[in-house]
Amino acid sequence: MIIVYPSALKHGLTEEEVISAWEHVFEYKMREGDHFPPHYLGLGVLPDGRVVELVALSDGYDWYIFHAMCPPTRGFMHEYKGGSR
């Protein structure tokens with residue numbers, strides 16, 4: 001199951017768009033750092049072609065998305081590609 005926190009909606013995407021973007025993630029990567037549970041970065045695409053940056057965590061059963069933003073920021077892309085923040 002995908003659960004969308006209210007914080008993921010603060011940049012103007014709807015809950016349905018966030019879920020759709022997560023369901024269409026190109027690839028997700030574990031975020032570096034001492035996050036527990038681990039945080040994951042993902043780049044997802046919406047049906048209209050827009051790319052969304054996503055940050056989520058999982059309890060092993062469900063995904064909890066707490067950040068979603070379109071378009072992805074330069075800082076997010078740097079971190080996603082392996083740079084440190």
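Is glutamate 17 buried, partly exposed or exposed, and what is its relative accessibility? In this predicted model, glutamate 17 counts as partly exposed because its relative accessibility is 23%, and buried would need a value under 20%. Here is a short tour of the fold and of the salt bridges around that residue.

**Fold and overall shape**
- The protein chain has two helices and five strands, arranged along the sequence as β-α-β-β-β-β-α.
- Its radius of gyration is 12 Å, which agrees with the value near 12 Å for a compact globule of 85 residues.
- The C-alpha atoms fill a box of roughly 30 × 30 × 20 Å along the principal axes.

**Packing and surface**
- Of the 85 residues, 41% count as buried.
- Among contacts between residues at least 6 apart in sequence, 39% join residues at least 24 apart.

**Charges and salt bridges**
- The chain carries 7 positive and 12 negative side chains, with the centres of the two sets 11 Å apart.
- The structure holds three salt bridges.
- Glutamate 17 meets arginine 50 in one of them, at 3.0 Å from N to O; the pair links helix α1 to the loop between β3 and β4, 33 residues apart.
- Aspartate 48 also forms a salt bridge with arginine 50, at 2.8 Å, and shared partners join Glu17, Asp48 and Arg50 into one network.
- Aspartate 48 counts as exposed at 53% relative accessibility, while arginine 50 is partly exposed at 33%.

Notes: Residues are numbered from 1 along each chain as its sequence is written. This is a predicted model: local features need pLDDT of at least 70, side-chain atom pairs count only at pLDDT 80 or more; totals for chains, interfaces and linings use all residues. Side-chain values use heavy atoms; hydrogens and water are left out. Helices (H or I, at least four residues) and strands (E, at least two) are DSSP runs, numbered from the N terminus. The radius of gyration is taken over C-alpha atoms; the globule rule is 2.2 Å times the number of residues to the power 0.38. Buried means under 20% relative accessible area, exposed over 50%, partly exposed in between (1.4 Å probe, protein chains only). Contact means heavy atoms within 4.5 Å. Lys and Arg count as positive and Asp and Glu as negative; His and the chain ends are not counted. The place of a charge is taken as NZ of Lys, CZ of Arg, CG of Asp or CD of Glu. A salt bridge is a side-chain nitrogen of Lys or Arg within 4 Å of a carboxyl oxygen of Asp or Glu.
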